[in-house]
Amino acid sequence: MSVITNSSPSSPISSSSTNNTNAHQPYLYLSPPLQVFQGSNSSSSEQQQDEKQIITFNEVNREITIVNHKKFMILPIQPQLNQSFDHQEEFGGEVLSRKIPTINDLKERQILSCQASPNHQFIAIHYYDKRLVIYSKDKSNNTTTNNNTSSSSNNISQLNNICEYFTHFDLPEKKNKTIEILGYYWLNDNNLLIISNISIDIILIKEKHKPVKIIKSISENIRFFKYSAMYKLLLLSIEGKNNHFFFYKFILNNNNNIQVSKLPKLDIDVPLTEQQIIKSEEVYLISIYGRCCIAYVCASRQEIHIYKYKEENNQTFMKQRTFNLFVRGRFSIQVIDSLIILHNIEDKLSMTYDVFTKQDAPVSMPMTIKNNNNIELYNDEWCYLIPNYIMDKKIGNLFELNLNISLVPISIRNKLDQLKFLFRRINSKIVLLNNFRQIIESKKENLKSIAEMIDLINKYYLNQLLKRELQNQEYFNEKFNNISLDINKIVKLSFDMKEESIIGYPIIEQIDIFQYVISPLDENGILTTDELIYFIVEYINNLRFYNIPVQNFIQKYLIELLIKNNNYPLLHEYIQYKVISDSKPTALQLLYISSLYKPLYQTALDMLSRLRDFDLICEILLSRKEVCHALQIMYQHCDDYTFNIPPRVIFEKTLSLNDKSIFFNTYEILQKINMKKRKNPDFLPEEKCEEFEELFREYFMPNKC
């Protein structure tokens with residue numbers, strides 16, 4: 001039983017936009033093998049010597065288990081993004097292998113599957129029909145699982161050690177009925193959930209060589225079941241109740257005890273004839289946008305029915321959507337980035353659905369999976385695992401199915417809905433920005449539609465940024481100390497499903513709009529200068545609606561466009577009505593271009609005055625030799641503003657004018673300012689104004705010299 005392990009590289013998400021050149025490229029692709037094991041077509045001598053191998057996927061631990069009568073092997077795979085499972089780090093991705101001890105009465109029994117407990121201390125092997133045998137990983141195991149973690153980890157790399165028989169579980173005999181175990185799952189390190197066609201049992205694995213303790217047993221005539229390890233939720237289809245699903249939820253309290261809750265049943269509102277029964281392969285328990293959902297593929301009616309779990313609403317499942325399949329066939333469902341991927345196995349095509357779109361059709365055209373690994377796609381040996389793994393038992397490979405959002409040919413007619421779709425995707429920022437720019441370049445949308453798109457962008461920007469920053473209040477206060485938050489304007493987005501995490505979802509900031517939308521629109525010349533100005537103004541107004549300060553580079557670019565278009569009256573209007581807000585960089589920009597339009601000089605001074613930057617105003621006035629005006633401002637505001645301009649600088653600028661009257665007024669006003677500030681008209685020694693005092697006495701008080 002040999003194994004080769006490979007790590008999964010990062011997904012090759014392109015930064016290119018969705019365009020015509022990408023329209024016919026497959027957007028679904030398989031990763032390089034996450035694990036490589038001996039497949040059914042293997043011809044190795046070791047494979048021939050061993051008995052038939054059973055390969056199963058453990059959803060709880062995210063690992064492959066290979067088992068036969070001689071030994072078992074556990075192959076861990078990479079955990080899913082933003083999901084954590086117990087003990088993933090403890091085992092560090094190493095392979096666990098143990099020989100199975102010889103037990104006489106099990107020699108002739110067929111092995112069906114094998115699953116390890118979350119801490120890998122116990123291994124449960126399902127033998128044919130109704131026997132479950134529990135082995136302990138280490139032969140030196142005590143009667144409890146509270147072993148030292150480090151010693152357990154050291155044993156993992158010791159391959160081919162013999163595990164030890166611990167205990168077993170047998171279903172009771174029942175006359176006139178075939179009894180079989182349908183499935184089993186570890187709820188924690190010691191409790192095992194067993195689903196059979198006659199009951200649901202929870203057993204406690206604790207004492208060696210003693211019968212297991214059944215802590216809960218519920219009698220049900222089960223036809224098939226579905227179990228979600230993520231939500232610890234069990235779906236049952238009961239004999240004779242074809243149009244109903246029944247549910248049990250398993251809750252682990254702080255003491256690691258199991259509490260079982262029966263949830264309200266779900267009536268399937270799909271018309272079925274007596275000959276049509278819901279089959280196990282038509283029902284899936286999946287996670288979409290952080291919510292547990294049921295996907296029922298009704299091939300006879302060419303429909304997918306989605307039911308979502310409402311934990312806050314009496315813990316019931318409610319109908320959410322119905323999608324059109326358009327064709328009959330054999331299907332399988334997986335989930336990537338909260339998108340439902342429907343595989344049409346017979347036609348070798350895959351379709352993508354989003355529960356938040358308004359249409360009942362796929363969000364993109366049917367396409368095949370990109371064949372990066374030179375394998376037979378959609379072959380009969382493929383196992384489609386939830387959420388997005390594909391196990392090819394024929395060649396012995398486990399792949400991860402990925403989605404390249406930049407290649408998805410979005411078949412959503414409404415452009416606003418297109419942006420909403422992209423906002424719900426991870427790592428879609430560049431695609432979203434390019435898509436938005438292309439919508440503007442097409443000039444097919446009216447101003448109202450563009451305004452709605454801008455509003456959507458800023459809603460996400462504000463809502464998601466606040467959610468992230470509120471996790472760290474200190475950083476939030478530092479970053480947003482200039483924002484006046486109006487809670488009534490923080491609009492709740494159209495998600496009626498709770499998102500567990502927002503990490504990875506796009507936040508379109510102002511620099512992104514400038515870099516990927518405004519600047520390219522100006523460079524390619526598709527929009528006129530007036531059209532680009534109106535777009536920027538609409539964007540600025542929407543930022544102000546949500547009380548988000550406009551960053552200076554946006555205003556700077558707007559002013560440059562207005563000057564380029566010689567539209568000075570409109571520039572004045574935008575400043576007057578606060579479209580262009582007051583800032584020091586903006587005032588300096590207006591000063592710089594005041595040589596082209598002289599009224600902008602006074603506009604810049606007024607802006608600095610509103611900002612109370614009187615030092616800069618006086619420096620500007622002095623540079624223009626307007627000494628009296630500067631002194632007037634200093635005298636007017638010296639009571640409530642501390643000027644940093646040394647008196648010596650003002651005297652030097654005054655003397656350069658060669659006007660004794662101005663020098664006299666300067667000396668008198670500076671003395672009055674000193675009197676206001678420190679009740680003494682004299683200059684301080686460190687101000688180094690002795691030569692100007694001597695000059696004043698020489699000019700105007702010669703008798704005292």
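In the predicted model described here, strand β7, which spans residues 96-99, pairs with β11 in the parallel sense over two bridges, where strands are DSSP runs of E with at least two residues, helices are runs of H or I with at least four residues, and both are numbered from the N terminus; two strands are taken to pair if DSSP finds at least two bridges between them. Within β11, Asn161 stands opposite Arg98. Both strands belong to an open sheet of five strands with mixed pairing, arranged in the order β4-β5-β6-β7-β11, and its edges are formed by β4 (54-58) and β11 (161-162), each of which pairs on one side only.

The model is predicted, with local features requiring pLDDT of at least 70 and side-chain atom pairs pLDDT 80 or more, whereas totals for chains, interfaces and linings use all residues. Residues are numbered from 1 along each chain as its sequence is written, and side-chain values use heavy atoms, with hydrogens and water left out.

Across the protein, 18 helices and 30 strands are found, and 53% of the 705 residues count as buried, that is, under 20% relative accessible area with a 1.4 Å probe and protein chains only. When residues up to four places away in sequence are not counted, Phe436 touches Leu419, Met453, Ile454, Ile457, Ile513, Val517 and Phe535, a contact meaning heavy atoms within 4.5 Å.

Definitions and conventions
Buried < 20%, exposed > 50% of the residue type's maximum accessible area, 1.4 Å probe, protein only.
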